[in-house]
Amino acid sequence: MKEDSALILIDLQRDFCRGGSLEVPDAEVLIPLANQLQESFDNIVATKDWHPVDHVSFASSHLGKKINDILVINGVQQVLWPVHCVQNTPGAEFHRNLSTDKINKIVFKGTDKDIDSYSAFFDNARLRETDLKNYLQEKNIRKVFIMGLATDYCVKYSCLDAVALGFETYLIEDACRGVELIEGNIARAIDEMKEKGVHIIRVKDIM
């Protein structure tokens, strides 16, 4: 792949895979795809959810609330999840079978206990940004190819922010899996990305 392109691997972490605390259906199938796709890119970024133990997104942080409840906190809608990807715990590590030798940059998100961060670029209130945009610009990256977990949350918001920031953005659709708390959420997420200018492709289009 050209030097102006980057592959972004979203949250391929143990807690989102089989046996993890926030298991995404069929997440395991993405690991060999991620390994194969890395062979086609010189610039590879991987993100990690990296939460404090008392993070606002955890149902356990809210007395009397349960997993999948939805709150509005400081004006931002927040789904309550199981405790997941706590900093420096095994569940926050990359899946054991993910090849990491070619990863040039790791972006940590969700590090502030008071605000969640689905996107690889910004927190959910867009008050702070990660260093991803600056990193890509320093590397003269113009095109980003995004895969990972989950289609209807972190992948979607990463794609929407990437295209809004001016990157030519490609969603590798069959290299993503979603949560689908509500039936149809994955399809709606893909439609929204298309509407905003994200190109929808498949692994075979790269391989």
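The sections below treat the basis of the model, its pockets, its cavities, its core and one hairpin.

## Basis

This is a predicted model, in which local features need pLDDT of at least 70, side-chain atom pairs count only at pLDDT 80 or more, and totals for chains, interfaces and linings use all residues. Residues are numbered from 1 along each chain as its sequence is written, and side-chain values use heavy atoms, with hydrogens and water left out.

## Pockets

On a 1 Å grid over the protein atoms alone, a pocket is an open set of points with protein on both sides within 12 Å along at least five of seven lines; a cavity is a set where a 1.4 Å probe fits but cannot get out, and lining residues have an atom within 4 Å of a point. Grid points are joined across faces, edges and corners, and a volume is the space filled by probe spheres set on the points.

The largest pocket has a volume of about 480 Å³. Its lining comprises 23 residues, the closest to its centre being Gln77, Tyr118, Tyr153, Lys156 and Tyr157. Strand E4 (76-79), helix H3 (151-164) and helix H4 (185-195) each give two or more residues to this lining, and H3 gives the most, with five. Helices (H or I, at least four residues) and strands (E, at least two) are DSSP runs numbered from the N terminus.

The second largest pocket has a volume of about 170 Å³. Gly110, Thr111, Ser117, Arg128 and Thr130 are the closest to its centre among 13 lining residues.

## Cavities

Two cavities of 30 Å³ or more are found in the whole structure. The largest holds about 150 Å³, and Phe16, Leu22, Asp49, Tyr153 and Cys154 lie nearest its centre among 17 lining residues.

The second largest cavity holds about 40 Å³. Its lining consists of Val56, Ile73, Val76, Gln77, Gln78, Asp114, Ile115 and Asp116, with E4 giving the most, three residues.

## Nonpolar core

A nonpolar core is a set of buried Ala, Val, Leu, Ile, Met, Phe, Trp, Tyr and Cys residues joined through side-chain atoms within 4.5 Å, where buried means under 20% relative accessible area (1.4 Å probe, protein chains only). The largest such core has 61 residues, and Leu7, Leu9, Leu12, Leu136, Met147 and Ile172 have the most contacts inside it. H3 supplies the largest share, six residues.

## Hairpin

E3 (residues 70-73) and E4 run antiparallel and are joined by four bridges; strands pair if DSSP finds at least two bridges between them. Isoleucine 70 stands opposite valine 79 in E4. Two residues separate the strands of this hairpin, and asparagine 74 in the turn has a positive phi of about 50°.

Note on methods
Buried means under 20% relative accessible area, exposed over 50%, partly exposed in between (1.4 Å probe, protein chains only).
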